[in-house]
Structure formats: structure tokens, C-alpha cells
Amino acid sequence: MFWMALAMTLSGAVAQGTHVPPPQAVKPPVKHQLVEAKAPPLTDGIFPCTQCHNEKVNGKLNTTRRELQFHDDIQAEFHHDSENRWCLDCHDAKNRDVLHLTSGAPVTFTESYKLCGQCHGDKYRDWKRGVHGKRIGQWNGEKTYLLCVHCHNPHSPRFKPIKPLPPPIRPSEMKR
Amino acid sequence: MNPMTTSNNSGGCGGSEAVDPGRRDVLKFLAVGATMATGAACDLEGFFRKSFRELSPADVRRMVTGWERKYSRKYGKAVTVSEAGPIDGVKFGYGLDLSRCVGCRRCVYACVEENNQSRKEPQIQWIRVLEMDKAHGIDINHSDIYYDAAEVPRPGKFYMPVQCQQCDDPPCVKTCPVGATWKEKDGIVVIDYDWCIGCRCCMSACPYGARHFNWAEPSLPAQEMNPKTHVLGNRPRPKGVVEKCTFCIQRTREGQYPACVEICPVGARKFGNLLDPESEIRQAMDNKRVFILKEELATHPSFFYFYAT
């Protein structure tokens with residue numbers, strides 16, 4: 001009788017155990033809301049590109065790599081695998097108001113990170129995790145994530161050296 | 001000159017000179033008299049108050065209201081003092097990407113402005129940026145915090161910002177003789193500026209040089225004062241107390257990122273909840289190589305250096 005009672009108690013406990021959800025060690029994490037930062041503005045007056053890049057204005061479309069007679073500033077600073085690449089590897093020849101992937105699929109300027117991610121897959125992966133790049137706003141709520149082009153110049157992506165802010169005053173130079 | 005009667009700090013523990021116990025009582029009496037004469041009831045309350053952790057929420061609220069009045073008058077703007085406590089289920093963690101930092105010191109000055117540090121004489125900066133040789137690796141003995149370059153990063157150098165590591169086993173807390181510093185539930189090590197006696201034991205105990213002392217009345221121009229403060233964080237400090245990084249307690253307990261994270265021009269700084277696997281800090285720790293500064297001392301920092309590349 002005793003054993004039966006014990007067995008019943010035990011089975012009851014087990015059965016009960018299956019219905020009770022396991023205790024939560026940690027509260028479920030707050031849902032992060034990721035908000036895309038507004039893409040940085042293009043140079044004033046440059047967009048839409050089709051106002052100049054227009055077959056009606058320029059005649060026949062020439063897609064061979066060459067030194068251009070315009071966009072001098074960009075050509076001068078262009079340093080992004082410049083040996084192997086030129087404008088039309090990213091900019092779409094047929095519709096200059098968009099970029100294109102290697103597949104030829106168009107990508108708008110506000111989604112340029114998709115284009116960057118084709119080659120820089122490791123950075124793209126880290127950026128989506130929040131490890132590469134920068135997020136501002138709320139660590140537990142609405143986070144605004146910056147795009148590649150907020151920090152990197154797409155034509156010359158390597159960071160340029162900057163002037164540091166002043167060093168601290170040495171204790172010997174401080175009045176007490 | 002008795003510092004008790006001249007200092008205007010609300011804690012009333014400004015007297016650090018050696019005074020014999022009998023005289024001290026008399027001076028205390030005089031100090032109380034002087035405070036009463038000026039009619040500063042809140043200072044009087046501060047003088048007799050219990051240690052911060054023993055105060056009831058109502059007491060804290062009353063004290064905070066007093067400070068808000070006092071600071072608003074002093075700095076000529078509406079100053080708020082928050083007493084927000086830790087958020088449940090949150091343990092703060094900080095990540096710094098050593099492969100990205102360029103040593104530009106933007107974080108140092110953003111921190112100074114956010115946290116109302118003394119600007120000069122004494123100059124107090126909670127973040128120190130160490131410049132080190134790539135050839136040597138992390139070698140604190142050969143690091144330089146006074147580098148003054150036209151441009152950074154300099155060739156052959158790398159940079160390692162150091163601030164309070166918010167240790168889980170903090171030597172500073174263990175050494176404080178009066179219990180004026182402690183670790184909060186969310187991992188932030190805080191200081192009660194009115195309880196600190198200025199003995200600086202914590203400064204010598206800290207292996208990271210993260211604690212700083214107000215050798216003189218802090219210089220904080222009224223127009224530069226950040227009016228959004230926290231009682232255990234960036235509220236104006238009196239002379240003779242220790243201060244340090246609090247992960248911007250006034251911001252982070254309200255969900256914001258610390259000021260240094262938001263200013264960093266290279267995105268080297270990551271912050272979040274260590275208990276949340278989706279947070280940036282956890283993503284960095286789970287996927288990158290992590291380095292703990294002076295790990296051999298078993299201080300168990302909540303601050304992690306990592307290499308993203």
C-alpha cells in the first residue's frame with residue numbers, strides 16, 4: 001500500500017512536472033527594433049544622375065573603361081580595387097539612378113550595403129549582427145543602424161587618419 | 001582653517017585633516033550650527049543621513065529633490081537628478097574592438113561632457129587611451145597616454161582605451177573602508193559621493209587606474225554642465241571625492257547607449273545586456289576573439305576587448 005502510494009505520488013509529480021514550464025533564468029530579451037538610418041545625402045545637385053547621363057544628351061552609350069572628362073574629383077580619389085574596377089562595375093549603365101549587383105539586379109542608393117556585401121561578406125555578416133559598424137539610440141529598444149556609406153566613402157573606403165583630441169594634462173603640469 | 005565649516009558639500013564629511021576626537025565633536029557642533037544658520041535644511045539632512053543603501057526610497061527622493069534645487073540654482077538651469085535603479089534581467093557588458101580603435105580620443109571628451117567631469121585644475125578624464133607598439137603587443141609598461149600626434153593612427157602603433165572595467169569582483173569595493181562604493185545588480189560599480197571620505201584606497205587598489213580624485217573644487221562651467229544627471233553617476237561632485245566611469249548610468253538605465261559608444265567614429269565600442277544573446281556585446285563575445293585586461297588578477301571585468309578582424 002505504502003509503495004503504491006509512493007509510486008502514485010512520484011508519477012503525479014512527474015506528470016505535474018511535464019505541465020509546469022521550466023523556470024526562466026532570465027526574462028525573455030527585449031525585442032530589438034532595428035531602424036535603418038537615413039542614407040547620407042549625395043553631393044548637392046548630382047542626383048538624379050540621369051539629368052546628365054542620358055542617351056538623348058550624350059548619344060550612344062559607351063561602356064568601355066576609360067578616363068572620363070567629368071567626375072574629376074571622384075576619379076582622383078577612387079581607390080577601391082581601382083586596378084580591376086571602374087564606375088560601371090557598381091553604377092548601372094542603363095539606369096544611372098541605381099546601382100547594380102554582379103548579377104545585374106538593380107539596387108537603389110539607399111540599399112548600397114547589399115552591393116558592398118557581395119565582396120565584403122564577413123563585414124556584412126558582422127554588420128548585421130551589430131559587431132561591425134555603429135548603432136545609436138537604445139541598447140534595449142529602438143536602434144538606428146548606420147549604413148556602410150555613413151562611415152566609408154564608397155569610392156575610397158579606407159578610413160583616413162584624423163587629428164586626435166588633445167592629450168591629458170600631466171600631473172606635474174597641473175596646479176593643485 | 002576647518003574644512004567642515006568652509007566646505008559647502010552636502011555630505012558634511014569634507015574634513016580629512018587629522019583632528020583629535022574631542023575637538024572633532026566640537027567642530028561637528030559648529031559645523032551643524034553654521035549649516036543651520038544658512039538655513040540649508042537639505043545639507044543638514046545630508047550631514048546626518050544614513051549610508052545610501054540604507055535609505056528608503058522616500059528618503060532618496062527627498063534628497064534628490066534637494067540636490068535638484070541646489071544644482072539648478074548653482075548652474076542656472078533645470079537640473080534633474082535621477083535615482084533610477086537597475087533593470088531586472090540586465091547585466092551590462094561592454095566591448096571594445098582593438099582592431100578598429102584609432103586613438104582619436106573622441107570618446108574621452110564626449111565622456112567628460114556627458115559626465116560633468118572637472119575640465120582643468122584638476123583635469124579629470126575617465127577614459128585613458130593607451131598608445132602601444134604593435135611590435136610589443138599589449139604591454140602597459142611601455143604604453144603612452146600623452147601621445148600628441150598630428151594624425152592617428154600612427155604607423156606601427158595601436159590604441160587601447162581603458163576605463164572602469166566594472167569588475168564582478170572589484171578590488172576597489174573590497175578596499176573601501178567606509179562602504180562608499182559598491183556593485184549594483186546590473187553590474188555597475190558606483191560611488192556615493194557624499195559617503196566617500198577621500199582616502200583614495202580604492203584608487204591604489206584598482207589595477208586599471210580607472211578611479212580619479214578631485215584634488216580641488218571641480219571646475220565645471222555652468223554653460224557646459226549636463227543637466228541630466230544620476231545620483232550615483234554624473235551629478236556634480238564635491239572636492240575631495242573619488243569618481244569613475246559608470247557606463248553612463250544616467251543614460252544606460254534609461255535604455256540609451258553610453259556617450260562613448262555613440263561618439264566613436266569607427267564603431268569600435270559595443271554595449272548591451274550580457275544576458276541577451278541578441279545584444280551587440282554578446283554577438284561580439286560569441287563570434288570574436290575576446291581579450292580581458294589583466295585577466296590574471298581575477299577581477300572578472302564586465303569590459304571585454306575583442307578583435308573583429
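Visitor: What is the bridge partner of Val35(A) in strand 5 of chain A?

Guide: Thr144(A) is the bridge partner of Val35(A). This is a predicted model, where local features need pLDDT of at least 70, side-chain atom pairs count only at pLDDT 80 or more, and totals for chains, interfaces and linings use all residues. Residues are numbered from 1 along each chain as its sequence is written, while chains are lettered from A and ligands numbered from 1 in the order in which they are written.

Visitor: What makes strand 1 and strand 5 of chain A a pair?

Guide: Two strands pair if DSSP finds at least two bridges between them. Strand 1 (residues 33-36) and strand 5 (residues 142-145) of chain A have four bridges, in the parallel sense. They therefore pair. Strands here are DSSP runs of E, at least two residues, and helices are runs of H or I, at least four, numbered from the N terminus.

Visitor: Which way does strand 4 of chain A pair with strand 5 of chain A, parallel or antiparallel?

Guide: Strand 4 (residues 135-137) of chain A pairs with strand 5 of chain A in the antiparallel sense, over three bridges. In strand 5 of chain A, Lys143(A) is the bridge partner of Gly137(A). A hairpin of four residues joins strand 4 of chain A to strand 5 of chain A.

Visitor: How many helices and strands does chain A have?

Guide: Chain A has six helices and five strands. Their pattern along the sequence is α-β-α-α-β-β-α-α-β-β-α.

Visitor: Where does pLDDT stay under 50 in chain A?

Guide: Over residues 4-18 of chain A. pLDDT is the predictor's confidence in each residue, from 0 to 100. For residues 4-18 of chain A the model has zero contacts beyond four places in sequence. Chain A averages a pLDDT of 83, and 80% of its residues score at least 70.

Visitor: Why is Lys183(B) called partly exposed?

Guide: A residue is buried if 20 or more other C-beta atoms lie within 10 Å of its own, exposed if 12 or fewer, and partly exposed in between; C-beta atoms are placed from the backbone. Lys183(B) has 17 C-beta neighbours inside 10 Å, so it counts as partly exposed. Lys183(B) is found in strand 5 (residues 181-183) of chain B.

Visitor: Which residues is Lys183(B) in contact with, leaving aside its neighbours within four places in sequence?

Guide: Pro170(B), Val173(B) and Val189(B). Contact means that the C-beta atoms of two residues, placed from the backbone, lie within 7 Å.

Visitor: How many residues does each chain give to the contact between chain A and chain B?

Guide: Chain B gives 46 residues and chain A gives 31. On the chain B side, 21 are nonpolar, 12 polar and 13 charged. Ala, Val, Leu, Ile, Met, Phe, Trp, Tyr, Cys and Pro count as nonpolar, Asp, Glu, Lys and Arg as charged, and the others, Gly among them, as polar.

Visitor: What makes strand 10 and strand 11 of chain B edge strands?

Guide: Their open sheet of four strands has the order 10-2-12-11 in chain B, with mixed pairing. Strand 10 and strand 11 (289-291) of chain B each pair on one side only. Strand 11 of chain B runs antiparallel to strand 12 (residues 303-307) of chain B, with three bridges joining them. Val290(B) stands opposite Phe306(B) in strand 12 of chain B.
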